[in-house]
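Here are some exercises for you to work through with a structure on screen. Try each task yourself before you read its solution.

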Amino acid sequence: MSRFLKERYQALEAYTPGEQPRDMEYIKLNTNESPYPPAPAVVAAMNSGEIERLRLYSDPTAKGLKEALAELYSLSAEQIFLSNGSDDILNFAFMAYGQKGAIFPDITYGFYPVFAQLHGVEYQEIPLEPNFSVNYKAYLNQNKLIVIANPNAPTGMSIGLDAIEEILKSNPDGVVVIDEAYVDFGGKSCYKLIDRYENLLVVRTFSKSRCLAGGRLGYAFANAALIADLEKIKYSTNPYNINRLTLLLGKETAKADAYYTEKCGEIIKTRETTAQALEEMGFEVLPSDANFLFARHPKISGEQLYSELKKRGILVRHFTKERIKDFNRITIGTPKEMQTMISKIKEILL
Ligand SMILES: *Cc1c(COP(=O)(O)O)cnc(C)c1O
C-alpha cells in the first residue's frame, strides 16, 4: 500500500475470488462455472469480422440485448439494466441505496461486506438459522438496503416467494436486492413482483447458468425508476462497461434459451445423483437449489478434504469462516467429473 491511498480505503479488505491456478489441469469445481460450452449459435456468432469491429465502441444503451431479454421475460426494456457482471450491479446497488445501512446474512456471498466497506455503508449480518436457512423474519421492518441471495451461496438453500413478498411489503423505505445468480437451477424467481414493488431489485448473471462467466455479463430487473438510478451511476462510471463481443454473445444467449434450460436440467440431475453418492459416504449435504452442493463429513475436516482433493487434481471451494469451516462447496460438473470426484473422495476417506 502506498502512502497516497485515501484513508477510507486503507483498511478495506478486498474480496478473495476462488483460485484459478494455472500450474496444471484441474477438474474445476470451485467457482460455480458451467461445465458446458455456450449454445452453438453463441459460439457461431463470434468471427473475425466481429473482432475487427472492436475498433468501434460498444453500444452504451445495449439496445439489442435489452430487447432480447425483454422478449424472453415479457418485460419492457426500461425495466432492465445490464452491466459488466452482476458484481458490478451489486456494487452499484450498495453505492446507490446504502445510505441508511445494509443488512444481509452472516453466511452469504462474500462480496456483500466488501461492497459495504467500499462505499462506507454500515452493515449488519443476520445469522443463518441452525439449519443454515435464511431467517427471513429478521429482515422485516428494517427499511434499509436488504441483500439476500436466493438461492443463497454457499449453502444453496432458498427462501419462498411469500417470504420475499413479506420483506418487500414491510420495508417500503428500503431497497430489497434479491441476488438470483443461481435461480435457474431450481429456485423460484421473484422477478414478476417488480410491477408491484417499487423497492425490488432482482440481480442476475450470465456467469453460471448461461455458460458465460468469462464474458462478464450481469443483468437486473426492477421498475423503471430504479433502473434509471443504476443507469445514472453507470454513465458516471463507465458508459461502455460491456464490450461489443459480450453484448453480441449475450443477445444470442437470450435467443437460445431452450439450450440453457436443457443444460440446467442436466446439472440438476447430476446434482441429485452426486448428493446421494455423498450421503452414502457419510456426508451431510445441505438441500441445494443451485449448481453446487455444500457438504461436510464427520471424519475429515473441510480444509483437509479440500487439500487432499487438490493434490488429486480436483478443486473445490473451502471457506475458513468458523461456522462453515467443516464444509466444502462443490460445483456440479459433468457426470464424469462428478464420478471422478466421488472415487477420489472414497480413496481419501479409506
Ligand atoms: C457468482 C455470483 C455472483 C457474481 O457473478 P458475476 O456476474 O460473474 O459477477 C453474484 N452473486 C452471487 C451470489 C454469486 O455466486
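**Exercise 1. Find the domains of the chain and say how far apart their C-alpha centres lie.**

Step 1. The domain assignment, automatic or from a database, gives domain 1 (8-37 + 258-349) and domain 2 (46-256). Residues are numbered from 1 along each chain as its sequence is written, and side-chain values use heavy atoms, with hydrogens and water left out. You are looking at a predicted model, in which local features need pLDDT of at least 70, side-chain atom pairs count only at pLDDT 80 or more, and totals for chains, interfaces and linings use all residues.

Step 2. Between the C-alpha centres of domain 1 and domain 2 there are 24 Å.

**Exercise 2. Describe how domain 1 and domain 2 touch, and how much area they bury.**

Step 1. Start with contacts (heavy atoms within 4.5 Å): 34 residues of domain 1 meet 36 residues of domain 2.

Step 2. The size of an interface is often given as the accessible area lost when the parts come together. Here the buried area (accessible area, 1.4 Å probe, lost on putting two parts together and summed over both) is about 2800 Å², with 63% of it on carbon and sulfur atoms.

Step 3. On the domain 1 side, Tyr 15, Tyr 260 and Arg 323 lose the most area to domain 2, together 27% of what that side buries.

**Exercise 3. Find the salt bridge between domain 1 and domain 2, and explain which parts its pair ties together.**

Step 1. Side chains of opposite charge can pair when their charged atoms come close. A salt bridge needs a side-chain nitrogen of Lys or Arg within 4 Å of a carboxyl oxygen of Asp or Glu.

Step 2. The whole structure has 20 salt bridges. Arg 323 sits in the loop between strand 11 (314-316) and strand 12, and Asp 106 in the loop between strand 3 (102-105) and helix 6 (111-118), so this pair ties together parts 217 residues apart in sequence. Helices (H or I, at least four residues) and strands (E, at least two) are DSSP runs, numbered from the N terminus.

Step 3. Between domain 1 and domain 2 the count is one salt bridge. In the pair of Arg 323 and Asp 106, the closest N and O atoms are 3.6 Å apart.
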